[in-house]
Structures are given as structure tokens and as C-alpha cells.
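Biologist: I am new to this model. Please pick one part, take a close look at it, and follow the chain of neighbours from there.

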Amino acid sequence: MRTLAFLLVVPYLLAQQLIDAHVHYNGDPAFLEKLVAKLEAVDGMAFLLTDPKDLESARGFIRKFPKRLVGFGQIRLDDPQALALVDRFHEAGFRGLGELSGPLKDFHDKSYERIYKRAEDYRMIILFHTGIVNRTNPEVPTDVSVDRMRVTTLDNIARRFPKLTLIGAHLGNPDYAWAAEIARWNPNIYFDLSGSTLIKKQEDLTFFKSIFWWSSVVSPHTPKSTTSAFEKVIFGSDVFNGELEEFDRELALYKRMLSACGVSAEAQANIFGGTLRRVLAAGQH
Ligand SMILES: [Zn+2]
């Protein structure tokens, strides 16, 4: 059995692929064709965020291209069927949940605990939307609040579910300092930098050195670490509505920022795939 487990883990560890943790499936199989072609071209893998109604069409592609696509189930925390959907996605081989967004209560509300527990039992990764969110139809009343998706709400979830890996999308925009601080103390939290942040900060990219400040610091006031503080960041493009061009734009912005901040090639290899490859391998069972 041990040999079998080892063989299953090997493909993740051997690969040096780029991993994009944040690609929304728009429900159009033609988009998946284009996405897979793109991923083949760059030797990449994407976490495909899939609405429950699109599970079947996504599943076929994920099975066909296991080196390219990893399924994530985009459930709604307030859906009465949420727990059953977690089971369904898990049974279909999906490795994570998200992007979770628009909750009616704060992310850390105790009533969502059973969903997080189930995900932890399945060793799923959860991608949470954090910070400011778009308002796509301003004329339609919607019960959405950024206050319920504050980045600090991830802290309590991470502490209560230590075997759950959390990815906060958008680095809590604009609560970057809070995002980095909770990632510093929670080994199971990472962030992507997708969205407007790298555009907003493009004239001030070294700003991020003040956010991820603890590289090589030895102090009882910060966890022992030999890695760059920037390794709390992972790559995510937030491609949505089929706009695959965002992948290249986001990749270029990440590279500009990391180079401006002097982040080593070794740390960048983890940011662009190494970290998530290890998380995926550890969660295989
Ligand atoms: Zn988002």
C-alpha cells in the first residue's frame, strides 16, 4: 500500500509545472479546450473553480487531463445542500472548494464549521474570496457584504482546522498587512495576488517588502523559518468569463513585482507551483 501511495504522489513532486490556483470555469466546454491548450503550451496546471451545475462537463476534462486540471467545487456556504455538494465534488475527484464568496454570515461563523470540517477530513484546499468584491449588476439588490469576507475571518478557521489548507484570494485587498500577518503565524494559509492589487501598486512594487517583512528574521516574536516571507504567496490569475488573456497579464505582473522585491529564484519556484504541489501531494490518500 505504501508503494502505491508513493507512486500516486510522484507525479506532483516530479513535475516543475506552473500552478494557477484561481481559474473560474464559465461552464463553456470550448473554454476548457482553450485553457488546456494554454496549459500545455506553458506546462501549467490550473485549479478549475466549478459551479455545481457544471460539475459533469468539468469532470470529463479533469479526468482526461489530470496533469493540467484540478477540480474545485464552487459551493455557496449558505446553500442548504452545501454539505452534500462537498461530498459530491469529493467523490468526483475534486481536490478543493471555492472560490467561496458572498456568504450571508462572516466566513468564520460557527454555522459553517461542518463544511470546513468535512473539507478538512477530505484534505481539500479551500479558496476564499477576501476583501473588496465586484458589483456586477448595480441595479439589482443583492445581499453581499465585503465586511463578511474580511481577510481576518480566515485566522480563526485556520486555527480551528489545522489540517485544512486555506488560500485567500486577492491578499485581502486592501487589508494587505493583515493578510500577511495572519499568514505569518498560520502555516496553513496562503494568498494569491490576483485582482486589482498589482495594478494599483504597479508604481510602488517594493511596497510588498514591507508587507512580507520577516525573511531571515530570527526572533521569538516570529515563527522560525528559513524560507522567504514571500512564500506565503502562490500564483493565481483569477481568469473569469472565459477571459484567458488575464493569465498572461497576471503572470507578467507577478514576475515584475517579485523581481522588484528581489525574491530569489528558489522562492519563486515555490510561489509558481512548488508550494501547491506539496500541498496536493500531502492531501492524496
Ligand atoms: Zn475573488
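Modeller: Glu 139 is placed in the loop between strand 5 and helix 6. Helices and strands here are DSSP runs, numbered from the N terminus: helices are H or I runs of at least four residues, strands are E runs of at least two. This is a predicted model, where local features need pLDDT of at least 70 and side-chain atom pairs count only at pLDDT 80 or more, while totals for chains, interfaces and linings use all residues. Residues are numbered from 1 along each chain, as its sequence is written.

Is Glu 139 buried or exposed? Glu 139 has 4 C-beta neighbours inside 10 Å, so it counts as exposed. The scale works on C-beta atoms placed from the backbone: 20 or more others within 10 Å means buried, 12 or fewer means exposed, and anything in between is partly exposed. Now look across to Ala 179. Glu 139 and Ala 179 are 40 residues apart in sequence and 32 Å apart in space, C-alpha to C-alpha.

Ala 179 takes us into helix 7. Ala 179 is one of the buried residues of this helix, with Tyr 176, Ala 180, Ile 182 and Ala 183. Seen down the axis of helix 7, these buried residues fall within an arc of 165 degrees, so they line one face of the helix. The arc is that of the directions from the helix axis to the C-beta atoms. What lies over the buried residues? Their cover includes helix 6 (153-160), strand 6, strand 7 (189-191) and helix 9 (207-211). Contact means that two C-beta atoms, placed from the backbone, lie within 7 Å.

Pro 174 is joined to Asn 173 by a cis peptide bond, with omega at about 5 degrees. His 170 is found in that loop between strand 6 and helix 7 too. His 170 is not a glycine, although its phi is positive, at about 70 degrees. With 28 other C-beta atoms within 10 Å, His 170 is buried.

Glu 99 belongs to strand 4 (residues 96-100). Gly 98 leads on to His 22: their C-alpha atoms are 76 residues apart along the chain, but separated by 9.0 Å. His 22 lies in strand 1 (residues 18-24). It has 29 C-beta neighbours inside 10 Å, so His 22 counts as buried. Setting aside neighbours within four places in sequence, the contacts of His 22 include Phe 47, Glu 99, Leu 127, Ala 169 and Asp 192.

The buried residues of helix 4 are Val 86, Phe 89 and His 90. They cover an arc of only 100 degrees around the axis, which puts them on the same side of helix 4. An α-helix has 3.6 residues a turn, so residues three or four places apart point the same way. On the other side of helix 4, Asp 87 and Glu 91 are exposed. Helix 3 (55-64), strand 3 (69-73), strand 4 and helix 5 are among what covers the buried residues of helix 4. After helix 4 comes Gly 93, with a positive phi near 90 degrees.

How do helix 4 and helix 5 pack? Helix 4 (residues 82-91) and helix 5 (residues 113-121) meet at an angle of about 15 degrees, with axes 10 Å apart. The axes are lines fitted to C-alpha atoms, for helices over the stretch in contact, and angles run from 0 to 180 degrees between N-to-C directions. Helix 4 and helix 5 are therefore roughly parallel to each other. Under 35 degrees counts as roughly parallel, over 145 as roughly antiparallel, 65 to 115 as roughly perpendicular, and the rest as oblique. Ala 82, Leu 83 and Val 86 in helix 4 meet Arg 114, Ile 115, Arg 118 and Ala 119 in helix 5. By class, this contact has 5 nonpolar, no polar and 2 charged residues. Ala, Val, Leu, Ile, Met, Phe, Trp, Tyr, Cys and Pro count as nonpolar, Asp, Glu, Lys and Arg as charged, and the others, Gly among them, as polar.

Finish in the loop between helix 5 and strand 5 (125-129), where Arg 123 is found. Arg 123 is not a glycine, yet its phi is positive, near 55 degrees. With 18 C-beta neighbours inside 10 Å, Arg 123 counts as partly exposed.
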